[in-house]
Amino acid sequence: MHKGWLGGWLMPQEKSYFALRLPAGWWVFGLDLALVGDIDMCQYRYFANVVERRLGPADNVIIITHEPTWLLEWFWASSSSSNLRQLVRGHLRGRARVHLAGDLHFYMRHSYTSNKQQQQQQQGQPVADESGGQATAAAYA
(Lines give C-alpha, C1' and ligand atoms only; values in the text may rest on other atoms or scores of the structure.)
Protein backbone atom coordinates (compact mmCIF):
# COMPACT_ATOMS: atom_id res chain seq x y z
CA MET A 1 0.00 0.00 0.00
CA HIS A 2 1.25 3.47 -0.87
CA LYS A 3 2.15 5.74 2.06
CA GLY A 4 -0.21 8.40 0.65
CA TRP A 5 -3.26 6.24 1.37
CA LEU A 6 -5.05 6.08 4.70
CA GLY A 7 -8.31 4.21 5.20
CA GLY A 8 -9.00 4.16 1.49
CA TRP A 9 -8.42 7.91 1.11
CA LEU A 10 -5.63 9.50 -0.90
CA MET A 11 -3.55 11.77 1.32
CA PRO A 12 -1.76 14.14 -1.08
CA GLN A 13 -0.21 16.31 1.64
CA GLU A 14 3.43 15.35 2.14
CA LYS A 15 4.32 17.89 4.83
CA SER A 16 2.83 18.62 8.23
CA TYR A 17 2.48 22.34 7.43
CA PHE A 18 0.75 24.31 4.68
CA ALA A 19 -0.13 27.69 3.21
CA LEU A 20 -3.62 28.17 1.80
CA ARG A 21 -4.82 31.20 -0.13
CA LEU A 22 -8.30 32.39 0.82
CA PRO A 23 -10.55 34.96 -0.87
CA ALA A 24 -10.25 38.71 -0.27
CA GLY A 25 -6.47 38.76 0.29
CA TRP A 26 -6.35 36.37 3.24
CA TRP A 27 -4.05 33.39 3.76
CA VAL A 28 -3.95 30.56 6.28
CA PHE A 29 -0.56 29.31 7.46
CA GLY A 30 -0.80 25.98 9.25
CA LEU A 31 2.41 25.51 11.21
CA ASP A 32 3.87 22.42 12.86
CA LEU A 33 5.55 23.35 16.13
CA ALA A 34 6.39 19.70 16.79
CA LEU A 35 7.53 19.03 20.33
CA VAL A 36 9.89 22.00 20.59
CA GLY A 37 7.38 24.86 20.34
CA ASP A 38 8.90 26.34 17.18
CA ILE A 39 9.00 25.83 13.42
CA ASP A 40 12.07 24.16 11.96
CA MET A 41 14.24 25.75 9.26
CA CYS A 42 12.47 23.88 6.42
CA GLN A 43 9.19 25.44 7.50
CA TYR A 44 10.79 28.80 8.00
CA ARG A 45 12.16 28.81 4.45
CA TYR A 46 8.86 27.51 3.04
CA PHE A 47 6.75 30.24 4.67
CA ALA A 48 9.31 32.98 4.00
CA ASN A 49 9.23 31.96 0.33
CA VAL A 50 5.41 32.06 0.27
CA VAL A 51 5.45 35.52 1.86
CA GLU A 52 8.05 36.96 -0.50
CA ARG A 53 6.80 35.38 -3.74
CA ARG A 54 3.04 34.93 -3.39
CA LEU A 55 1.56 37.31 -0.82
CA GLY A 56 0.39 40.64 -2.09
CA PRO A 57 1.44 43.80 -0.24
CA ALA A 58 -2.03 44.18 1.33
CA ASP A 59 -2.64 40.47 2.06
CA ASN A 60 -3.22 39.27 5.62
CA VAL A 61 -2.34 35.97 7.30
CA ILE A 62 -4.09 33.75 9.83
CA ILE A 63 -1.55 31.59 11.67
CA ILE A 64 -2.74 28.24 13.04
CA THR A 65 -0.78 26.20 15.57
CA HIS A 66 -1.65 23.26 17.79
CA GLU A 67 -0.96 25.06 21.05
CA PRO A 68 -0.82 28.67 22.28
CA THR A 69 2.92 29.31 22.28
CA TRP A 70 2.54 32.80 23.76
CA LEU A 71 0.80 31.34 26.81
CA LEU A 72 3.43 28.64 27.32
CA GLU A 73 6.25 31.16 26.96
CA TRP A 74 4.58 33.41 29.53
CA PHE A 75 3.94 30.55 31.95
CA TRP A 76 7.44 29.06 31.72
CA ALA A 77 9.13 32.49 31.44
CA SER A 78 11.00 31.30 28.38
CA SER A 79 11.28 32.15 24.72
CA SER A 80 11.30 29.02 22.59
CA SER A 81 9.74 30.07 19.29
CA SER A 82 12.45 32.28 17.82
CA ASN A 83 11.99 31.06 14.21
CA LEU A 84 8.23 31.69 14.35
CA ARG A 85 8.83 35.11 15.92
CA GLN A 86 11.31 36.01 13.16
CA LEU A 87 8.85 34.91 10.48
CA VAL A 88 6.04 37.01 11.98
CA ARG A 89 8.08 40.11 12.80
CA GLY A 90 10.47 39.97 9.87
CA HIS A 91 8.85 38.51 6.77
CA LEU A 92 5.19 39.15 7.58
CA ARG A 93 5.84 42.64 9.01
CA GLY A 94 2.42 43.20 10.60
CA ARG A 95 0.39 41.10 8.18
CA ALA A 96 -0.21 38.26 10.68
CA ARG A 97 -3.61 39.44 11.90
CA VAL A 98 -4.88 36.35 13.74
CA HIS A 99 -3.19 33.48 15.58
CA LEU A 100 -5.53 30.54 16.18
CA ALA A 101 -4.30 27.81 18.46
CA GLY A 102 -5.43 24.57 19.96
CA ASP A 103 -5.55 24.30 23.68
CA LEU A 104 -3.60 22.90 26.57
CA HIS A 105 -5.44 19.86 27.76
CA PHE A 106 -5.21 16.56 29.50
CA TYR A 107 -7.23 13.37 29.29
CA MET A 108 -9.32 11.95 32.10
CA ARG A 109 -11.93 9.24 31.69
CA HIS A 110 -14.97 9.12 33.95
CA SER A 111 -17.14 6.03 34.25
CA TYR A 112 -19.54 4.51 36.73
CA THR A 113 -18.07 2.08 39.24
CA SER A 114 -19.94 -0.05 41.72
CA ASN A 115 -19.15 -0.02 45.44
CA LYS A 116 -17.21 -3.27 45.02
CA GLN A 117 -15.14 -1.78 42.18
CA GLN A 118 -14.44 1.34 44.25
CA GLN A 119 -13.17 -0.81 47.12
CA GLN A 120 -10.93 -2.73 44.70
CA GLN A 121 -9.59 0.54 43.28
CA GLN A 122 -8.85 1.92 46.74
CA GLN A 123 -6.90 -1.25 47.51
CA GLY A 124 -4.99 -0.93 44.22
CA GLN A 125 -6.50 -4.10 42.79
CA PRO A 126 -7.26 -4.42 39.05
CA VAL A 127 -10.89 -3.75 38.17
CA ALA A 128 -12.71 -5.21 35.15
CA ASP A 129 -14.10 -2.38 33.05
CA GLU A 130 -17.25 -2.52 30.88
CA SER A 131 -15.32 -3.74 27.85
CA GLY A 132 -13.98 -6.72 29.76
CA GLY A 133 -10.47 -5.32 30.05
CA GLN A 134 -8.50 -4.63 33.20
CA ALA A 135 -7.94 -1.16 34.60
CA THR A 136 -6.28 0.19 37.69
CA ALA A 137 -7.36 3.70 38.51
CA ALA A 138 -7.70 6.05 41.40
CA ALA A 139 -11.21 6.76 42.57
CA TYR A 140 -12.27 10.39 42.10
CA ALA A 141 -14.76 11.76 44.61
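I began with proline 57, which at 83% relative accessibility counts as exposed; here exposed means over 50% relative accessible area, buried under 20% and partly exposed in between, with a 1.4 Å probe and protein chains only. I placed proline 57 in the loop between helix 1 and strand 5 (60-65), where helices (H or I, at least four residues) and strands (E, at least two) are DSSP runs numbered from the N terminus. I also looked up its spacing to leucine 92, 35 residues apart along the chain, and found the C-alpha atoms separated by 9.8 Å.

I note that this is a predicted model, in which local features need pLDDT of at least 70 and side-chain atom pairs count only at pLDDT 80 or more, while totals for chains, interfaces and linings use all residues. Residues are numbered from 1 along each chain as its sequence is written, and side-chain values use heavy atoms, with hydrogens and water left out.

**Overall layout**

I read the secondary structure of the protein chain as four helices and eight strands, running from the N terminus in the order β-β-β-β-α-β-α-α-β-α-β-β. Of the 141 residues in the protein chain, 28% are buried. Taking contact as heavy atoms within 4.5 Å, I found that residues 24 or more positions apart account for 64% of the contacts with a separation of 6 or more.

I then turned to proline 68, in the loop between strand 5 and helix 2, which at 8% relative accessibility counts as buried. Leaving out residues up to four places away in sequence, proline 68 touches Ala101, Gly102, Asp103 and Leu104. For glycine 102, I noted a C-alpha to C-alpha distance of 6.6 Å from proline 68, although the two are 34 residues apart in sequence.

**Helix 1 against helix 3**

I recorded that the axes of helix 1 and helix 3 come within 10 Å and cross at roughly 10°, the axes being lines fitted to C-alpha atoms, for helices over the stretch in contact, with angles from 0 to 180 degrees between N-to-C directions. That makes helix 1 roughly parallel to helix 3, since angles under 35 degrees count as roughly parallel, over 145 as roughly antiparallel, 65 to 115 as roughly perpendicular and the rest as oblique. On the helix 1 side I listed Met41, Tyr44, Phe47, Ala48, Val51 and Glu52, which meet Asn83, Gln86, Leu87 and His91 in helix 3.

**Salt bridges**

How many salt bridges are there? I count two, the rule being a side-chain nitrogen of Lys or Arg within 4 Å of a carboxyl oxygen of Asp or Glu.

In one, the side chains of arginine 93 and glutamate 52 meet at 4.0 Å, N to O. This pair links distant parts of the chain, 41 residues apart, with arginine 93 in the loop between helix 3 (82-91) and strand 6 (96-101) and glutamate 52 in helix 1 (residues 41-53). Arginine 93 is exposed at 53% relative accessibility, and glutamate 52 is partly exposed with a relative accessible area of 47%.

In the other, glutamate 73 pairs with arginine 85, the closest N and O atoms being 3.1 Å apart. Glutamate 73 lies in helix 2 (residues 69-76) and arginine 85 in helix 3, so this bridge ties together parts twelve residues apart in sequence. I found glutamate 73 buried, with a relative accessible area of 14%, whereas arginine 85 is partly exposed at 22% relative accessibility.
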